[in-house]
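Hi everyone, thanks for coming. I'd like to walk you through one structure today, so please have a look at it with me.

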Amino acid sequence: MIQRRTLLKSSAAAVALGAPGLSGLAQQAVTLKFHTFMSPQSNVWLGMHKPWMGKVEKDSGGKIKFEAYPAMQLGGTPVQLYDQAKDGVVDVVWTLPGNTAGRFPRIEVFELPFIMNNAEATSKAYWEYVQTVAQDEFKDTHPIALQVHGPGFFHTKDKLIKHPDDLRGMKLRGPTRQITKMLGYLGAIPVGMPLPQIPDALSKGTIDGCVIPWEVVPSVKVHELTKYHSEFDPAGGALYTTTFVMTMNKAKYESLSPELKKVIDANSGMETSGWLGKVQQGNDIPGRKVTVDRGATIYTIPAKDAQEFKTRSHKVETEWVEDMNKRGFDGKKLLETAKALIEKHGKTTPAPKKA
């Protein structure tokens with residue numbers, strides 16, 4: 001009995017003094033809630049989010065665990081995801097900054113028309129850009145990775161798009177304010193809405209089509225709900241891309257032990273951003289294939305014909321620069337920086353396989 005009491009007292013003292021032991025290990029272990037709007041069947045969830053969480057868990061020796069919630073299973077709307085991470089409702093989110101129009105204006109440079117082709121290179125450029133010229137863009141959270149998807153283009157129900165004139169009067173869904181502005185200048189009637197709303201909007205005729213990359217087509221059944229698909233020859237550039245952020249609640253990150261912070265840091269940053277972009281664009285290939293297998297009409301807009309799309313949408317770039325200037329930033333310099341970083345990383349990043 002005396003020995004048992006002595007042991008209990010020693011254990012209590014060890015805990016009080018912060019001595020290592022089982023209690024210390026228990027304190028280090030942490031479970032993080034990961035929340036996103038992507039469906040559990042989507043390529044993004046299966047090929048990007050789950051592998052990333054799995055690697056973090058493995059690298060931490062099981063001291064970091066994830067509770068994973070796709071499809072907004074913890075409640076709220078896609079628009080609220082960033083604030084859920086900021087406010088500590090959840091620990092980690094993956095979302096579109098563009099869901100909250102104008103809140104993250106400097107990173108919208110990567111959503112301007114015909115600015116990218118290679119999602120891996122552009123994702124690395126996006127990370128470096130934020131670290132160097134837009135450090136406070138996500139100041140309310142702890143960014144883990146910043147990425148873009150592969151080239152986006154047109155998917156329509158009843159009309160094939162070959163020329164901007166073909167868009168006149170068509171109601172097309174766009175994901176962010178720069179892309180909806182682009183659709184307007186091309187002659188369409190832009191309709192902004194989160195990705196999960198696309199199937200219902202197409203079914204009910206609320207929209208005549210949408211712009212998304214091949215990768216996400218199967219997860220929102222666009223290959224079943226549209227007949228025509230107009231992509232761009234890579235030589236003519238990509239119509240657009242969308243920015244994403246994977247980010248963590250600041251207080252939660254700061255509460256981690258130095259050991260576990262290192263694990264998160266090792267799975268964050270430029271390389272993780274590039275990997276996410278590469279994987280997402282790589283999934284354009286199976287996304288296109290399921291559409292081909294349904295016998296859909298797919299038209300590739302030649303590089304020479306892409307020029308008219310570029311000319312009509314150039315005003316989006318001009319207005320973005322003006323908007324940055326009004327906000328107190330040097331818009332021209334930000335644009336030049338983004339383009340230079342995309343070119344820089346493009347030189348060292350292999351070209352993606354064609355979808």
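Predicted model: local features only at pLDDT ≥ 70, side-chain atom pairs only at ≥ 80, totals over all residues.

Residues are numbered from 1 along each chain as its sequence is written, and side-chain values use heavy atoms, with hydrogens and water left out.

Let's begin with the sheet. Helices (H or I, at least four residues) and strands (E, at least two) are DSSP runs, numbered from the N terminus. Five strands make an open sheet in the order E2-E1-E3-E10-E4, and the pairing is mixed; two strands pair if DSSP finds at least two bridges between them. E2 and strand E4 (141–148) are at the edges with a single partner strand each, so one side of each has no neighbour in the sheet. On average, neighbouring strands here are turned by 20° against each other, direction ignored. Angles in this talk run from 0 to 180 degrees between N-to-C directions, and axes are lines fitted to C-alpha atoms, for helices over the stretch in contact. Strand E1 (residues 30–36) and strand E3 (residues 92–95) run parallel and are joined by three bridges.

Helix H11 (residues 270–282) lies across E3, E4 and E10, at about 40° to E4. Contact here means heavy atoms within 4.5 Å.

Next, please find His 345, in helix H14 (residues 331–348). Is His 345 buried or exposed? With a relative accessible area of 6%, His 345 is buried; buried means under 20%, exposed over 50%, and partly exposed in between (1.4 Å probe, protein chains only). Beyond its neighbours within four places in sequence, His 345 is in contact with Ala 121, Lys 124, Ala 125, Glu 128 and Met 270.

Most residues other than glycine have a negative phi. Ala 71, however, has a positive phi of about 55°, and Met 72 has a positive phi near 55°. Ala 71 is in the loop between strand E2 (64–69) and helix H4 (81–87), and Met 72 is found in the loop between E2 and H4. Ala 71 is partly exposed at 36% relative accessible area, whereas Met 72 is buried at 12%.

On to helix H6 (residues 177–185), where Gln 178, Ile 179, Thr 180, Met 182 and Leu 183 are buried. The buried residues of H6 pack against E5, strand E6 (171–174), strand E7 (189–192), strand E8 (209–213) and helix H13 (303–326). After H6 comes Gly 187, with a positive phi near 110°.
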